[in-house]
Amino acid sequence: MSLLPVLKDPDTNLRTRSVEVDKGDISSGRIQGLIDNMIETMAGENGIGIAAPQVGVKERVVIVEMGDGPTAYINPKIFSTSLRKVDSEEGCLSVPGVFGIVKRHKKVKVKALDRDGNKVQLSLSGMPAIIFQHEIDHLDGVLFIDKVERFTSPPKL
Ligand code: CO
């Protein structure tokens with residue numbers, strides 16, 4: 001495994017829509033190695049989520065930490081959202097030192113494949129719901145600063 005450099009705004013690689021991973025490629029060394037390296041990179045940066053375009057790979061892979069260890073989700077798709085939204089204070093490994101309030105759906109339902117290629121379906125609220133919305137935005141070339149209602153950075157020390 002290896003730590004990968006995290007691309008920083010305004011790198012244009014962060015602004016591209018990522019492509020879906022073919023189900024048959026998930027077991028490949030390339031995708032499994034990408035997942036391992038993304039997990040190590042996220043941990044090294046003390047992140048709770050990371051998306052493949054942040055390490056320069058424009059494919060729909062995210063790692064999310066929801067309290068039970070970093071987990072990979074491939075081709076994640078939000079298929080249902082709550083009408084209710086919440087204010088979320090966010091930062092991003094690709095926008096270091098910047099924090100701001102973003103409106104996010106309070107609850108989302110997500111379909112994805114796990115790293116073994118199995119279909120998974122998640123009903124999420126709280127932080128996990130917000131992390132998925134943030135990471136899936138990355139797969140569409142969107143950063144939280146595009147949606148921010150007000151910046152709260154730099155954080156008060
Ligand atoms: Co981010």
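The model is predicted, so local features are reported only at pLDDT of at least 70 and side-chain atom pairs only at pLDDT 80 or more, while totals for chains, interfaces and linings use all residues. Residues are numbered from 1 along each chain as its sequence is written, and side-chain values use heavy atoms, with hydrogens and water left out.

**Cobalt site**

- The cobalt ion is held by C92 (SG), H134 (NE2) and H138 (NE2), at 2.1 to 2.3 Å. Donors here are N, O and S atoms within 2.8 Å of the metal (3.2 Å for Na, K and Ca), and water is not among the atoms, so sites may look incomplete.
- Along the chain, the donors of the cobalt ion are spaced as C-x41-H-x3-H.
- That brings together distant parts of the chain: C92 sits in the loop between strand 4 and strand 5, and H134 in helix 2, 42 residues apart. Helices (H or I, at least four residues) and strands (E, at least two) are DSSP runs, numbered from the N terminus.
- C92 is buried, at 12% relative accessible area, and H134 is buried too, at 8%. Buried means under 20% relative accessible area, exposed over 50%, and partly exposed in between (1.4 Å probe, protein chains only).

**Largest pocket**

- The largest pocket has a volume of about 330 Å³. A pocket is an open set of points on a 1 Å grid over the protein atoms alone, where a 1.4 Å probe fits, with protein on both sides within 12 Å along at least five of seven lines; lining residues have an atom within 4 Å of a point. Points are joined across faces, edges and corners, and the volume is the space filled by probe spheres set on them.
- Its lining runs to 22 residues, with I48, E90, G91, C92 and H134 lying nearest the centre.
- Strand 4 (85-90) and helix 2 (126-139) each supply at least two lining residues, and helix 2 has the largest share, with six.
- By class, the lining of the largest pocket has ten nonpolar, nine polar and three charged residues. Nonpolar covers Ala, Val, Leu, Ile, Met, Phe, Trp, Tyr, Cys and Pro; charged covers Asp, Glu, Lys and Arg; the others, Gly among them, are polar.

**Second largest pocket**

- The second largest pocket has a volume of about 220 Å³.
- It is lined by 16 residues, and I78, Q133, I136, D137 and D140 lie nearest its centre.
- Strand 3 (70-81), strand 5 (100-105) and helix 2 each give two or more residues to this lining; strand 3 gives the most, with five.
- Sorted by class, there are three nonpolar, four polar and nine charged residues in this lining.

**Hairpin**

- Strand 6 (residues 107-113) and strand 7 (residues 119-125) pair in the antiparallel sense over seven bridges; pairing takes at least two DSSP bridges.
- K111 stands opposite Q121 in strand 7.
- Five residues lie between the two strands of the hairpin, and G117 in the turn has a positive phi of about 85°.

- E45 is in the loop between helix 1 (29-44) and strand 1 (49-51) and is partly exposed, at 35% relative accessible area.
- Beyond four places in sequence, E45 touches V6 and L93, where contact means heavy atoms within 4.5 Å. The C-alpha atoms of E45 and L93 are separated by 7.5 Å, with the residues 48 apart along the chain.
- S18 lies in the segment before helix 1 and is buried, at 2% relative accessible area.
- Leaving aside neighbours within four places in sequence, S18 is in contact with P53, V57, K58, E59, R60 and L139.
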